[in-house]
Amino acid sequence: MRKILRIYKPFTHAGFLLAAQYRVNFIFFVFGDIIRCFISYFLWHAVFTSGGNNTFMGFSEVDMTVYIFISFLTGIVAYSDGSYIVGEEIRDGNIAMRLIKPIRFDLAFLFQELGERTVTAMIIFVPMMAGVEIYKFVVTGAVGFNIWCFLLYLVSLILSYLINFYFNVCYGYSAFVLKNLWGSNLLKECIVNFLSGGIVPLAFMPAGLGFVLNLLPFASLTYIPVMIYLGMYDVPTILMSLGLQVFWLVFFIFLQRIIWNACVRRMSVQGG
Amino acid sequence: MIYVENLRKEFKKVVKEPGLKGSIKSFFKPKNEIITAVDDISFHVPKGEILGFIGPNGAGKSTVIKMLTGILTPTSGKCEIGGQIPYKNRKNYVKEIGVVFGQRTQLWWDLALRETYTVLKEIYEVDDEQYKKRMAFLNEVLELDSFITSPVRTLSLGQRMRADIAASLLHSPKVLFLDEPTIGLDVVVKDNIRNAIKAINEEQQTTVILTTHDLQDVENLCDRIVMIDKGNKVFDGGIGELKSKYGQQRELKFVPTDFKAAESLDYKREFNLTDDDIIIENDGHIISVTFNSDKVSVEKMLSYTLSVTHVNDINVSDADIEEIIKDIYKSGVSPSA
């Protein structure tokens, strides 16, 4: 374990430097998404105002607002470029340059991305969190911050990132077959965003569908961490949800390894 | 050090029919065709040798290199390098080799060059003292000092290539693979790189396999060459051997004092030659005769020429390696030749 850390630590460092270099790019990117958040917020605001009810399927307006912003934050922090980068390296053949090094392909990517994620989190996490909590305080007049919910949220968030990473890497391997992933990537992001509760909380889905979606790996990406943060889950549900996340993480790690081993044997490197 | 036996690699290729209709058809019902990129190649390389791997574009050079470096798995056949089989236990094997693909880079595009070396140092578990020594040596032969703190994307192609070669050598590999290390470089930089490769080869008896289209590389560096064409080995041996085997072409050029006399020269009848063996060009001033020195010796050509006409100037030139290889590529020699 310590050896792994020593070998892959420089990747994290490199990822850190890379992200720092493109921070302006990143800020623009986030800025666009924040605008989307506010659109979502005003939409729900209109729903609550016109409905006349204080709660909608168990969500108050404050809950919904927090849900929108925290699910956005979760999505940004747990975002993984895996499918894009893996797909691109396969497409242009640069994967060859990874294969000539005595390293594990997945770990090199993972540690590099961890460095990038750290920068992202540093830029966006604290201000967003603070903003949401201040909003809650202003509207409800009480300090609603629960340190336990927050810590469990962090654990769930990290699991969410790792699942997302391995899921995306698995997906990226389809470039071995499809050769170019740009289009299918867009489709994937759309579907995943919906299934993970990034657009509408899964609690709003019809009971049967909601149950299935809760078990699918996508719920582990956004919905579970956000519900934990909101304090919507009781202790047994939290434990079960974290267990489910761990299960999906292990599942994707193994899936990734199986696909990788199968692909590497049949690989052809594109472009000379 | 390196043993390659009956190595073979086939690729499956989807055949697309032309046009939109063809694209749609092959989307639903792809037709596969099997392409043999490397067909039954064998050779072996002793430790410390520099082997040049040459052949026209698409001959299968890069495919062989990719199999030797463990990137591709051969369809059949064997290769063994330093007692290890590349595609089995890849992670362990690649610690022993260095690889440079001239058209790609292993450097971190957006980071200062130094950062790449720091990452590599950890990957290959090079200790601090060894790292310092190695960097000093690489600095000396490849002159990295002036750009080691610049981001890789700002380097010129020549600098990048030097940096890439250094990156492949940081862990003192036993075998170095260079796939077109001088591609796109100017004459001076090419020369620097050649000298560096020589120095590296001498320093630790590193075995070097290089592919190239630049025959100067071959003449200056290689102890031996293997030439492949269409996946087959067509030649294996030293440069002298190549010249004596294929380089029978000689060119005789002379300026006759008396043109009439010179025009009465009839080489074909005198030596019983066919059109394939001799080409005569006469531009009204210089007469040049290209002939096959296997069929008629240089001495006989000269004495016959001089017995018929007096000359102001005469010279016989050796066929240079470039010409030889051009001939071989064009005529596509059979593997047995």
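The C-alpha centres of domain 1 and domain 2 of chain B are 45 Å apart. Keep in mind that this is a predicted model. Domain 1 of chain B runs over residues 2-243, and domain 2 covers 249-318.

Next, the chain as a whole. Chain B contains 13 helices and 13 strands. Its radius of gyration is 25 Å, whereas the globule rule gives 20 Å for 337 residues, so chain B is more spread out than a compact globule.

How many of the 337 residues of chain B count as buried? The figure is 35%. On contacts, take those in chain B with a separation of 6 or more: 74% of them are between residues 24 or more positions apart.

Now the sheet. In chain B there is an open sheet of 3 strands, in the order β2-β1-β4, and the pairing is antiparallel. Why do β2 and β4 of chain B each have one side without a neighbour in the sheet? β2 (31-45) and β4 (76-81) stand at the edges, and each has a single partner strand, so one side of each is left open in that sense. From one strand to the next, the twist averages 30°.

Last, one pairing from that sheet. Strand β1 of chain B, residues 2-15, pairs with β2(B) in the antiparallel sense over 11 bridges. For a specific position to look up, Glu10(B) has Thr36(B) in β2(B) as its bridge partner.

How values were computed. Residues are numbered from 1 along each chain as its sequence is written. Chains are lettered from A and ligands numbered from 1 in the order in which they are written. This is a predicted model: local features need pLDDT of at least 70, side-chain atom pairs count only at pLDDT 80 or more; totals for chains, interfaces and linings use all residues. Two strands pair if DSSP finds at least two bridges between them. Helices (H or I, at least four residues) and strands (E, at least two) are DSSP runs, numbered from the N terminus. Axes are lines fitted to C-alpha atoms, for helices over the stretch in contact, and angles run from 0 to 180 degrees between N-to-C directions. Domain bounds come from an automatic or database domain assignment. The radius of gyration is taken over C-alpha atoms; the globule rule is 2.2 Å times the number of residues to the power 0.38. A residue is buried if 20 or more other C-beta atoms lie within 10 Å of its own, exposed if 12 or fewer, and partly exposed in between; C-beta atoms are placed from the backbone. Two residues are in contact if their C-beta atoms, placed from the backbone, lie within 7 Å.
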